[in-house]
Amino acid sequence: MRAIVIDEPGGPEVLIWREVPDPRPDRGEVIIDVAASAVNRADILQRRGFYNPPPGAPPYPGLECSGVIAEVGSDVEGFRPGDRVCALLAGGGYAEKVAVPWQQVMRAPDGVDLAEAAALPEVACTVWSNVFMTARLRKGETLLVHGGASGIGTLAVQLAKAFGSHVVVTAGSDEKIARCLELGADEGINYREEDFAEKVRADVILDIMGGPYLPGNVKALKTGGRLVVIGLQGGAKGELDLGALLTKRASVHGTTLRARPVDEKGVIVRGVVDNVWPLVEARAIRPVVHARVPMNEAAEAHRILESGGHVGKILLLTSSRS
């Protein structure tokens, strides 16, 4: 098979499409013939040498994929060759085939084309696990989503609205805010022009920026609010006012998804299948795709993501099934 290989850290040009050994299914794994993968910030970090795959994961980038099951290993439950699926991965999505534990595999939602299904696993699992499992967002509460036009943001807006929440987003342009409003957001804040901490009070905040946003996030929390930090795009260190946190009886959660044990990921995946997939199939939620790029042009897809002008996901398509 062919895969995107990174021989040394660097810019997009280090992503090389070449022949590599085919994967074989271990116990509890399936082999997926990949139709598409999608680009995530973690892939950029891996390319730069800052975010290596966890032990045992394929060395190639790619935290999600869609495709058709080609082989099934022993002790696999509920899947067989020929099934149309998408999957949450610890790595390896930038390839024509990938081995993945069956617990991290989901049947592709009805009504979504197979390539487009690759836009869902990482964002759906991230939003469901953080906003609903960890922060326990409830109907009628306010959710603040930083980076509302990102892949995670566009899904968070739609899912929170589907569950009856008031949704506020931050984004870096009026055009991006307009797209978020089209997806169902109730309010948008251009962070280049306004201070979100002066504009909104939220029960739950989903933050991708990290350290520099910490003081503003705590200020923006309501009493009993929950801040969930899932990214460090702005930096890892920030000042935390513990007095404000205690006065508000608020909480701060930091989470990652990639390195979690398979059983934990399986619980999240099942939650997505039970709670998110019905909304996708009912057209209440849709994957937002900014661009479709051939997988052998992954470097261009990375340039698009790093330019910051996209809304939603950037897909990488293999030639055989997409």
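Before I start: buried means under 20% relative accessible area, exposed over 50%, and partly exposed in between, with a 1.4 Å probe and protein chains only. I am working on a predicted model, where local features need pLDDT of at least 70 and side-chain atom pairs count only at pLDDT 80 or more, while totals for chains, interfaces and linings use all residues. Residues are numbered from 1 along each chain as its sequence is written, and side-chain values use heavy atoms, with hydrogens and water left out.

**Entry 1: helix α4**

I took helix α4, residues 174–182. Helices here are DSSP runs of H or I with at least four residues, strands are runs of E with at least two, and both are numbered from the N terminus. Glu 175 and Glu 182 are exposed, on the face turned away from the buried side of α4. I then listed the buried residues of α4: Lys 176, Ile 177 and Cys 180. They sit on the same side of α4 because they cover an arc of only 100 degrees around the axis (the arc is that of the directions from the helix axis to the C-beta atoms). Against what do the buried residues of α4 pack? I found α3 (151–162), β9 (166–171) and β10 (187–190), with contact meaning heavy atoms within 4.5 Å. After α4 comes Gly 184, with a positive phi near 125 degrees.

**Entry 2: α2 against α3**

Next I looked at how α2 (residues 121–134) meets α3: their axes come within 9 Å and cross at roughly 55 degrees. Axes are lines fitted to C-alpha atoms, for helices over the stretch in contact, and angles run from 0 to 180 degrees between N-to-C directions. I therefore put α2 and α3 down as oblique to each other; under 35 degrees counts as roughly parallel, over 145 as roughly antiparallel, 65 to 115 as roughly perpendicular, and the rest as oblique. On the α2 side I noted Val 123, Ala 124, Thr 126, Val 127, Trp 128 and Phe 132, which meet Gly 151, Ile 152, Leu 155, Ala 156, Leu 159 and Ala 160 of α3. The residues of this contact divide into ten nonpolar, two polar and no charged. For that tally, Ala, Val, Leu, Ile, Met, Phe, Trp, Tyr, Cys and Pro are nonpolar, Asp, Glu, Lys and Arg charged, and the others, Gly among them, polar.

**Entry 3: Met 1**

Is Met 1 buried or exposed? It counts as buried, at 12% relative accessibility. Met 1 lies in the segment before β1 (2–6). Its C-alpha is 5.9 Å from that of Glu 96, which is 95 residues away along the chain. Leaving aside neighbours within four places in sequence, its contacts include Arg 18, Pro 21, Tyr 60 and Glu 96.

**Entry 4: α1 and α10**

I checked α1 (residues 41–48) and found Ala 42, Asp 43, Ile 44, Gln 46 and Arg 47 buried. Their cover includes β1, β2 (15–19), β3 (29–38) and α10 (298–307). In α10 the buried residues are Ala 298, Ala 299, Ala 301, His 302, Ile 304 and Leu 305, and α1 is among the elements covering them.

**Entry 5: positive phi without glycine**

Asp 75 has a positive phi of about 65 degrees although it is not a glycine. I placed Asp 75 in the loop between β4 (64–72) and β5 (84–88), and it is partly exposed at 45%. Arg 249, also not a glycine, has a positive phi of about 50 degrees. Arg 249 lies in the loop between α7 (242–247) and β13 (251–254) and counts as exposed at 64% relative accessibility.
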